Each structure stands twice: as C-alpha cells, then as structure tokens.
Amino acid sequence: MTIRVLIADDHPIMRTGLLALLDTESSVTVVAAVGTTAEALAETVRLRPDVVLMDLQFQGQFEGAAATQRIRALENAPAVLILTNYDAESDIVTAIESGAAGYLLKDTPPDDLIAAVIAAASGQSALAPAVATRLLARVREAQSALSVRELEVVSLVADGHSNGDIARLLHLSETTVKSHLAHIFPKLGVSSRTAAVAAARQAGLIR
C-alpha cells in the first residue's frame, strides 16, 4: 500500500527537503507540498492524503494546531503529524488536543520521521522522545500541572492581554479568568501575573 502524504510548511527549503526525504521511501508518495494552512485544508479535501505533515508556525502565526483540528473534523480525515521546532508544553498539549497523531521536532532523524509517517498512516501515534518525556512528566505531575485551560490563560497573559481580553478570547466570564489565575499562582509558586509568566516560561510550559 502506498501512503499518500501532504506537506504543509511555510519554508520552501523545508518543503523541498521533506519531499526529497520522503521520496526515498518506496511506500510513501508526496501528493502536495503547500505553504499555508488554507492550502493545506483545501488540498486535503481535494487530494485525500493518508497523512498530513503539519508545521505549527506559518508566517509568524501559530496556525498549525487550528488547521489540524479543521482537518481532523473532515469526513475520513487523514492522520496529522506535527513537525515543528517548538517543544513548549502548551504547544504540545494544544496539538494533541486538536487531534494530531504525533508531534515531532525538526531535528528528528530521517529514518525516525519516515517511521512516524508509516505509523501514523496505520493509526498509531508518534512522539519525539523529548515530547514523550515531557508528556510523561505531565501525567506523573498531574496534580500540580496546569490544565489545558490554565495553559491557555497564562499564555494569553504572557501575550499582554488583560483579564477582560482573555475572557472575550476564551468566551469566559472575567470572574472565571480570575478564578483560573487564582489556581495558577499557587501551582507555579508565584503571587503575580508577571511572576506566573516568568515561571511558566522557565518550566517550558509556554513559549
């Protein structure tokens, strides 16, 4: 069986390199290589690949997870493998929550990348060792770890948003945002928004 792959990455050199790499595997064929998430969605609908290799960042915007969610919502959706330079816990969790079958870093050895594509096509998951370690640590520390919603809140705080902004962006009440912050502070061992952002970044929870 030939595995049909669509590459979505905004860097032409990266697309060319991935195309050349995947062409070395006889069981894999690249059906398209696109530079935007809009093209990725359109070509997925048109070509029906088995696996989409998806970057997280496109032209400075972290659109990959949202695109993954849209692709996974399609009928007979392909598997989506995230291939990125970013390994912050918030990125990993968001991607997995969006339906990604795996999360790989761009320094993944070529043989491991091909193996991950083959695994994803057969319904298996594929995680970079560093990512798997991060997720395992999250499970082990579940009691003190930030929830997905708390990661979203602290990420938006880091971006400079006020409580009111965060409430609107996440469709919450401002009281709920304050409640999330009240839970975040003791988990991070801090007492202010600025300190929470610093602690979350130091722990690798956010970019």
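Asn76 is exposed, with a relative accessible area of 68%. Exposed here means over 50% relative accessible area, buried means under 20%, and partly exposed lies in between (1.4 Å probe, protein chains only). The residue sits in the loop between α3 (64-72) and β6. Arg48 lies in the loop between α2 and β3. It is partly exposed, with a relative accessible area of 40%. Helices (H or I, at least four residues) and strands (E, at least two) are DSSP runs, numbered from the N terminus.

The model is predicted: local features need pLDDT of at least 70, side-chain atom pairs count only at pLDDT 80 or more, and totals for chains, interfaces and linings use all residues. Residues are numbered from 1 along each chain as its sequence is written, and side-chain values use heavy atoms, with hydrogens and water left out.

An unreviewed UniProt entry lists residues 4-121 as "domain: Response regulatory". UniProt positions follow the numbering used here, feature names are shortened, and annotations may be inferred rather than shown by experiment. The span of residues 4-121 is 44% helix and 25% strand. Its end C-alpha atoms lie 9 Å apart.

An open sheet is formed by 6 strands, in the order β2-β1-β3-β6-β7-β8. The pairing is parallel. Two strands pair if DSSP finds at least two bridges between them. The edges are held by β2 (28-34) and β8 (126-127). Each has a single partner strand, so one side of each is left without a neighbour in the sheet. For β8, pairing with β7 (residues 102-105) is in the parallel sense, over 2 bridges. Gly102 has Ala126 of β8 as its bridge partner. Helix α2 (residues 37-47) lies across β1 (3-8), β2 and β3 (51-54). This helix runs at about 135° to β2. Axes are lines fitted to C-alpha atoms, for helices over the stretch in contact, and angles run from 0 to 180 degrees between N-to-C directions.

Ala32 is in strand β2. It is buried, with a relative accessible area of 12%. Contact means heavy atoms within 4.5 Å. Leaving aside neighbours within four places in sequence, Ala32 contacts Val5, Leu6, Ile7, Glu43 and Leu47. Ala32 and Arg4 are 28 residues apart in sequence, yet their C-alpha atoms are 9.1 Å apart in space. Val80 is in strand β6 (residues 79-84). Val80 is buried, with a relative accessible area of 0%. Not counting residues up to four places away in sequence, Val80 touches Val52, Met54, Thr68, Ile71, Arg72, Ala100, Ala101 and Gly102.

Helix α7 (residues 148-158) packs with helix α9 (residues 174-188) at an angle of about 90°. Their axes are 10 Å apart. The two helices are therefore roughly perpendicular to each other. Angles of 65 to 115 degrees count as roughly perpendicular. On α7, the contact is made by Arg149, Glu150, Val153, Val154 and Val157. On α9, it is made by His180, Leu181, His183, Ile184 and Lys187. By class, this contact has 5 nonpolar, 2 polar and 3 charged residues. Ala, Val, Leu, Ile, Met, Phe, Trp, Tyr, Cys and Pro count as nonpolar, Asp, Glu, Lys and Arg as charged, and the others, Gly among them, as polar.

Technical notes. Angles under 35 degrees count as roughly parallel, over 145 as roughly antiparallel, 65 to 115 as roughly perpendicular and the rest as oblique.
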